Amino acid sequence: DKKYPNTNLKAYQLKHFIPFNPIQKRTESTVIRQGKKFVVTKGAPQVIASLCNSSPSSKKMLKDVESLAQKGYRTLAVAVKLKNKFECVGLIPVFDPPRRDSAKMIKDLKAKGIEVKMITGDNHQIAIQIAELLHIGKKILDTSDLNDDFSGDYAILGRIIAKALYKKLGKKLDDIPPDKLQKIKEILEDK
(Lines give C-alpha, C1' and ligand atoms only; values in the text may rest on other atoms or scores of the structure.)
Protein backbone atom coordinates (compact mmCIF):
# COMPACT_ATOMS: atom_id res chain seq x y z
CA ASP A 1 0.00 0.00 0.00
CA LYS A 2 1.35 3.46 -0.92
CA LYS A 3 0.22 5.04 2.35
CA TYR A 4 1.99 2.44 4.48
CA PRO A 5 4.90 1.14 2.38
CA ASN A 6 6.40 -0.84 5.28
CA THR A 7 3.20 -2.80 5.87
CA ASN A 8 2.65 -5.96 3.89
CA LEU A 9 -1.12 -6.33 3.99
CA LYS A 10 -0.92 -9.62 2.12
CA ALA A 11 0.79 -11.10 5.19
CA TYR A 12 -2.53 -10.80 7.08
CA GLN A 13 -5.23 -13.40 6.52
CA LEU A 14 -8.78 -12.79 7.67
CA LYS A 15 -10.09 -16.08 9.08
CA HIS A 16 -13.37 -15.01 10.69
CA PHE A 17 -15.43 -11.82 10.72
CA ILE A 18 -18.35 -10.82 12.94
CA PRO A 19 -20.07 -7.70 11.58
CA PHE A 20 -21.23 -4.82 13.74
CA ASN A 21 -24.58 -5.23 15.41
CA PRO A 22 -26.44 -2.81 17.68
CA ILE A 23 -26.58 -5.26 20.59
CA GLN A 24 -22.83 -5.91 20.97
CA LYS A 25 -21.94 -2.49 19.54
CA ARG A 26 -18.73 -3.78 18.02
CA THR A 27 -17.28 -5.79 15.16
CA GLU A 28 -14.66 -8.51 15.47
CA SER A 29 -12.10 -10.11 13.16
CA THR A 30 -9.90 -13.14 13.68
CA VAL A 31 -6.64 -12.63 11.79
CA ILE A 32 -3.53 -14.74 11.17
CA ARG A 33 -0.13 -13.20 10.49
CA GLN A 34 3.07 -15.23 10.22
CA GLY A 35 1.26 -18.23 11.74
CA LYS A 36 0.07 -16.30 14.81
CA LYS A 37 -3.65 -15.86 15.41
CA PHE A 38 -5.10 -12.76 17.04
CA VAL A 39 -8.45 -11.02 17.34
CA VAL A 40 -9.12 -7.36 16.53
CA THR A 41 -12.30 -5.59 17.62
CA LYS A 42 -13.64 -2.12 16.88
CA GLY A 43 -16.72 -0.44 18.31
CA ALA A 44 -18.29 1.74 20.97
CA PRO A 45 -15.56 2.94 23.36
CA GLN A 46 -17.39 1.90 26.53
CA VAL A 47 -17.86 -1.62 25.13
CA ILE A 48 -14.23 -1.94 24.06
CA ALA A 49 -13.06 -0.56 27.44
CA SER A 50 -15.13 -3.23 29.24
CA LEU A 51 -13.42 -5.92 27.15
CA CYS A 52 -10.07 -4.55 28.32
CA ASN A 53 -11.09 -5.06 31.97
CA SER A 54 -10.52 -1.44 33.03
CA SER A 55 -6.83 -1.61 32.22
CA PRO A 56 -4.83 1.63 32.42
CA SER A 57 -5.02 1.84 28.62
CA SER A 58 -8.84 1.62 28.70
CA LYS A 59 -9.13 4.31 31.40
CA LYS A 60 -6.92 6.67 29.38
CA MET A 61 -8.88 5.80 26.25
CA LEU A 62 -12.19 6.80 27.87
CA LYS A 63 -10.69 10.13 28.96
CA ASP A 64 -9.52 10.71 25.39
CA VAL A 65 -13.00 9.84 24.09
CA GLU A 66 -14.53 12.52 26.35
CA SER A 67 -11.95 15.04 25.19
CA LEU A 68 -12.72 14.28 21.54
CA ALA A 69 -16.47 14.40 22.24
CA GLN A 70 -16.10 17.94 23.62
CA LYS A 71 -14.80 18.87 20.16
CA GLY A 72 -17.75 17.17 18.45
CA TYR A 73 -16.08 13.89 17.44
CA ARG A 74 -17.81 10.53 17.66
CA THR A 75 -15.18 7.95 18.42
CA LEU A 76 -14.66 4.26 17.78
CA ALA A 77 -12.20 2.29 19.89
CA VAL A 78 -9.92 -0.54 18.77
CA ALA A 79 -8.53 -3.42 20.83
CA VAL A 80 -6.39 -6.44 20.05
CA LYS A 81 -6.66 -9.78 21.83
CA LEU A 82 -3.41 -11.65 22.34
CA LYS A 83 -3.19 -14.63 24.71
CA ASN A 84 -6.87 -14.39 25.77
CA LYS A 85 -6.62 -10.75 26.92
CA PHE A 86 -7.83 -7.64 25.09
CA GLU A 87 -5.63 -4.55 25.09
CA CYS A 88 -6.93 -1.15 23.96
CA VAL A 89 -4.70 0.03 21.13
CA GLY A 90 -6.32 3.06 19.56
CA LEU A 91 -9.15 5.41 18.76
CA ILE A 92 -10.74 6.40 15.50
CA PRO A 93 -12.31 9.87 15.81
CA VAL A 94 -15.01 10.63 13.26
CA PHE A 95 -16.40 14.09 12.60
CA ASP A 96 -20.05 13.80 11.62
CA PRO A 97 -21.59 17.27 11.61
CA PRO A 98 -25.31 17.90 11.17
CA ARG A 99 -26.59 18.30 7.63
CA ARG A 100 -25.95 21.73 6.15
CA ASP A 101 -29.65 22.56 6.03
CA SER A 102 -30.38 21.53 9.65
CA ALA A 103 -29.68 24.91 11.29
CA LYS A 104 -31.87 26.76 8.79
CA MET A 105 -34.67 24.23 9.15
CA ILE A 106 -34.59 24.56 12.94
CA LYS A 107 -34.55 28.36 12.68
CA ASP A 108 -37.59 28.21 10.36
CA LEU A 109 -39.43 25.86 12.73
CA LYS A 110 -38.75 28.16 15.69
CA ALA A 111 -40.00 31.14 13.64
CA LYS A 112 -43.30 29.24 13.23
CA GLY A 113 -43.55 28.74 16.98
CA ILE A 114 -42.44 25.12 17.05
CA GLU A 115 -40.24 24.23 19.98
CA VAL A 116 -37.39 22.02 18.76
CA LYS A 117 -35.97 19.17 20.86
CA MET A 118 -33.14 16.83 19.99
CA ILE A 119 -33.17 13.18 20.97
CA THR A 120 -29.93 11.30 20.45
CA GLY A 121 -28.05 8.26 21.58
CA ASP A 122 -24.77 10.12 21.19
CA ASN A 123 -22.24 10.83 23.89
CA HIS A 124 -23.47 13.64 26.18
CA GLN A 125 -20.63 15.97 25.13
CA ILE A 126 -21.41 15.43 21.45
CA ALA A 127 -25.07 16.24 22.11
CA ILE A 128 -23.97 19.52 23.71
CA GLN A 129 -21.83 20.34 20.65
CA ILE A 130 -24.59 19.54 18.16
CA ALA A 131 -27.19 21.48 20.15
CA GLU A 132 -24.84 24.47 20.16
CA LEU A 133 -24.20 24.24 16.41
CA LEU A 134 -27.93 24.09 15.70
CA HIS A 135 -28.98 26.69 18.32
CA ILE A 136 -31.33 24.22 19.97
CA GLY A 137 -30.54 25.23 23.54
CA LYS A 138 -28.30 24.33 26.42
CA LYS A 139 -30.57 22.10 28.49
CA ILE A 140 -29.24 18.63 27.74
CA LEU A 141 -30.42 15.59 29.67
CA ASP A 142 -28.32 12.48 29.87
CA THR A 143 -30.10 9.12 29.71
CA SER A 144 -29.10 8.60 33.34
CA ASP A 145 -31.31 11.61 34.16
CA LEU A 146 -34.31 9.69 32.91
CA ASN A 147 -36.25 7.02 34.71
CA ASP A 148 -34.44 3.65 35.09
CA ASP A 149 -37.60 2.00 33.79
CA PHE A 150 -37.19 2.16 30.01
CA SER A 151 -40.95 2.40 29.47
CA GLY A 152 -40.83 5.48 31.69
CA ASP A 153 -38.40 7.04 29.22
CA TYR A 154 -41.03 6.59 26.51
CA ALA A 155 -43.62 8.24 28.74
CA ILE A 156 -41.33 11.24 29.25
CA LEU A 157 -40.62 11.42 25.52
CA GLY A 158 -44.36 11.20 24.80
CA ARG A 159 -45.07 14.09 27.17
CA ILE A 160 -42.37 16.24 25.55
CA ILE A 161 -43.81 15.61 22.10
CA ALA A 162 -47.39 16.11 23.32
CA LYS A 163 -46.50 19.43 24.98
CA ALA A 164 -44.81 20.67 21.81
CA LEU A 165 -47.82 19.68 19.68
CA TYR A 166 -50.30 21.16 22.15
CA LYS A 167 -48.38 24.43 22.20
CA LYS A 168 -48.31 24.53 18.39
CA LEU A 169 -51.95 23.59 17.88
CA GLY A 170 -53.21 26.10 20.45
CA LYS A 171 -56.76 27.16 19.54
CA LYS A 172 -57.08 24.52 16.82
CA LEU A 173 -58.20 22.10 19.53
CA ASP A 174 -61.80 23.36 19.48
CA ASP A 175 -62.96 20.18 17.73
CA ILE A 176 -61.97 18.01 20.71
CA PRO A 177 -64.81 17.32 23.18
CA PRO A 178 -64.39 19.49 26.33
CA ASP A 179 -64.02 16.54 28.72
CA LYS A 180 -61.19 15.02 26.63
CA LEU A 181 -59.56 18.42 26.16
CA GLN A 182 -59.59 18.93 29.95
CA LYS A 183 -57.94 15.53 30.46
CA ILE A 184 -55.25 16.42 27.89
CA LYS A 185 -54.61 19.75 29.67
CA GLU A 186 -54.32 17.99 33.04
CA ILE A 187 -51.79 15.51 31.67
CA LEU A 188 -49.73 18.21 29.96
CA GLU A 189 -49.73 20.60 32.92
CA ASP A 190 -48.62 17.85 35.32
CA LYS A 191 -45.04 18.70 36.17
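Biologist: How many bridges join strand 4 to strand 5?

Modeller: This is a predicted model, and in it strand 4 covers residues 73-82 while strand 5 covers residues 85-95. The two strands run antiparallel, and within the pair L76 stands opposite I92 of strand 5. The number of bridges that join them is ten.

Biologist: Which residue in the turn between strand 4 and strand 5 has a positive phi?

Modeller: Strand 4 and strand 5 form a hairpin, and two residues lie between them. In that turn a positive phi of about 55 degrees belongs to K83.

Biologist: In what order do the five strands lie in the open sheet?

Modeller: Strands of a sheet can pair through backbone hydrogen bonds in either a parallel or an antiparallel way. Here the pairing is antiparallel, and the edge positions are taken by strand 1 (12-21) and strand 5, each of which pairs on one side only. From one strand to the next the twist averages 15 degrees. The order of the strands in the open sheet is 1-2-3-4-5.

Biologist: Which residue of strand 3 does S29 stand opposite?

Modeller: Strand 2, residues 26-33, pairs with strand 3, residues 36-43, in the antiparallel sense over eight bridges. Within strand 3, the residue opposite S29 is V40.

Biologist: Which strands does helix 2 touch where it packs on the sheet?

Modeller: The direction of helix 2, which spans residues 56-70, makes about 5 degrees with that of strand 5. Where helix 2 packs on the sheet, the strands it touches are strand 4 and strand 5.

Biologist: Are helix 2 and helix 4 roughly parallel or roughly antiparallel to each other?

Modeller: Helix 2 and helix 4 (residues 124-134) pack with their axes 7 Å apart and at an angle of about 5 degrees. Angles under 35 degrees count as roughly parallel, and therefore the relation of helix 2 to helix 4 is roughly parallel.

Biologist: Which residues of helix 4 meet E66, A69 and Q70 of helix 2?

Modeller: The residues of this contact between helix 2 and helix 4 divide into two nonpolar, three polar and one charged. On the helix 4 side, the residues that meet E66, A69 and Q70 are Q125, I126 and Q129.

Biologist: What percentage of the residues of the chain count as buried?

Modeller: The accessible surface comes to about 14500 Å², and 56% of it belongs to carbon and sulfur atoms. A residue counts as buried under 20% relative accessible area; of the 191 residues, the buried share is 23%.

How values were computed: Residues numbered from 1 in each chain as written. Predicted model: local features only at pLDDT ≥ 70, side-chain atom pairs only at ≥ 80, totals over all residues. Heavy atoms only, no water. Buried < 20%, exposed > 50% of the residue type's maximum accessible area, 1.4 Å probe, protein only. Areas by Shrake-Rupley, 256 points an atom, 1.4 Å probe, with all protein chains shown as cover. Axes fitted to C-alpha atoms, helices over the stretch in contact; angles between N-to-C directions. Helix = DSSP H or I, 4+ residues; strand = E, 2+ residues; numbered from the N terminus. Parallel < 35°, antiparallel > 145°, perpendicular 65-115°, else oblique. Contact = heavy atoms within 4.5 Å. Nonpolar A, V, L, I, M, F, W, Y, C, P; charged D, E, K, R; others polar. Pairing = 2+ DSSP bridges.
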